[in-house]
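Subject: Structure and notes

Hello,

Here is the structure for you to look at. My notes follow below it.

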Amino acid sequence: MAIERTLSIIKPDATRRNLTGAINQRFESAGLRIVAQKRLRLTRERAEAFYEVHKERPFYGDLCAFMTSGPVVVQVFEGEDAVAKNREIMGATNPAEAADGTIRKDFAESIEANSVHGSDSAENAKTEIAFFFSDGEIVG
Ligand code: ADP
Ligand code: MG
């Protein structure tokens with residue numbers, strides 16, 4: 001296993017309910033280090049660009065509207081096997097299918113408003129990290 005980095009986003013449903021610290025604690029307790037973090041509001045254009053890979057999916061428009069509905073916290077995590085570890089701690093996309101003890105099981109409101117985003121591969125993580133952060137903003 002190698003030390004990896006991955007991109008995480010705390011989504012608007014979670015920032016609205018003041019869950020930033022509770023969610024960060026889950027990741028930190030599992031050994032991931034938050035090596036960059038900022039709170040921002042996505043514009044429609046930025047949300048559409050970030051989720052471009054999903055643009056043919058029926059939920060794309062709603063997803064982009066949701067992601068601009070409030071502040072998000074974008075983060076870079078670093079750690080052993082960070083991509084897979086992050087996704088394990090998040091749980092399945094649909095909270096109804098997420099395992100007990102995962103963030104989405106405990107906090108998600110719906111399959112769309114599911115509290116967190118995490119990169120799905122090391123390669124995509126690089127692209128997604130560069131979407132939000134310059135090298136100088138990441139302090140390992
Ligand atoms: P994940 O975030 O688990 O990697 P996907 O990449 O498949 O999941 O989808 C991106 C995001 O789009 C999900 O986190 C969720 O917010 C939303 N989404 C996925 N599937 C649906 C769906 N069937 N209906 C509404 N929103 C969805
Ligand atoms: Mg995904």
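How much space lies in the largest pocket? About 660 Å³, a volume being the space filled by probe spheres set on grid points that are joined across faces, edges and corners. A pocket is an open set of points on a 1 Å grid over the protein atoms alone, where a 1.4 Å probe fits, with protein on both sides within 12 Å along at least five of seven lines; its lining residues have an atom within 4 Å of a point.

This is a predicted model, where local features need pLDDT of at least 70, side-chain atom pairs count only at pLDDT 80 or more, and totals for chains, interfaces and linings use all residues. Residues are numbered from 1 along each chain as written, chains are lettered from A and ligands numbered from 1 in the order written, and side-chain values use heavy atoms, without hydrogens and water.

The largest pocket has 22 lining residues, and those nearest its centre are Tyr 51, Val 53, His 54, Leu 63 and His 117.

Ligand 1 sits in this pocket (more than half of its atoms lie within 2 Å of the grid points).

- His 54: a polar side-chain atom lies 3.0 Å from an oxygen atom of ligand 1.
- Thr 93: a side-chain N or O atom is 2.5 Å from a ligand oxygen.
- Glu 112: a polar backbone atom is 2.8 Å from a ligand oxygen.

The second largest pocket holds about 170 Å³ of space. Among its lining residues are Ile 3, Ala 122 and Phe 133.

Regards

Note on methods: Polar contact = N/O pair within 3.5 Å; in protein donor to acceptor, adjacent residues only side chain to side chain.
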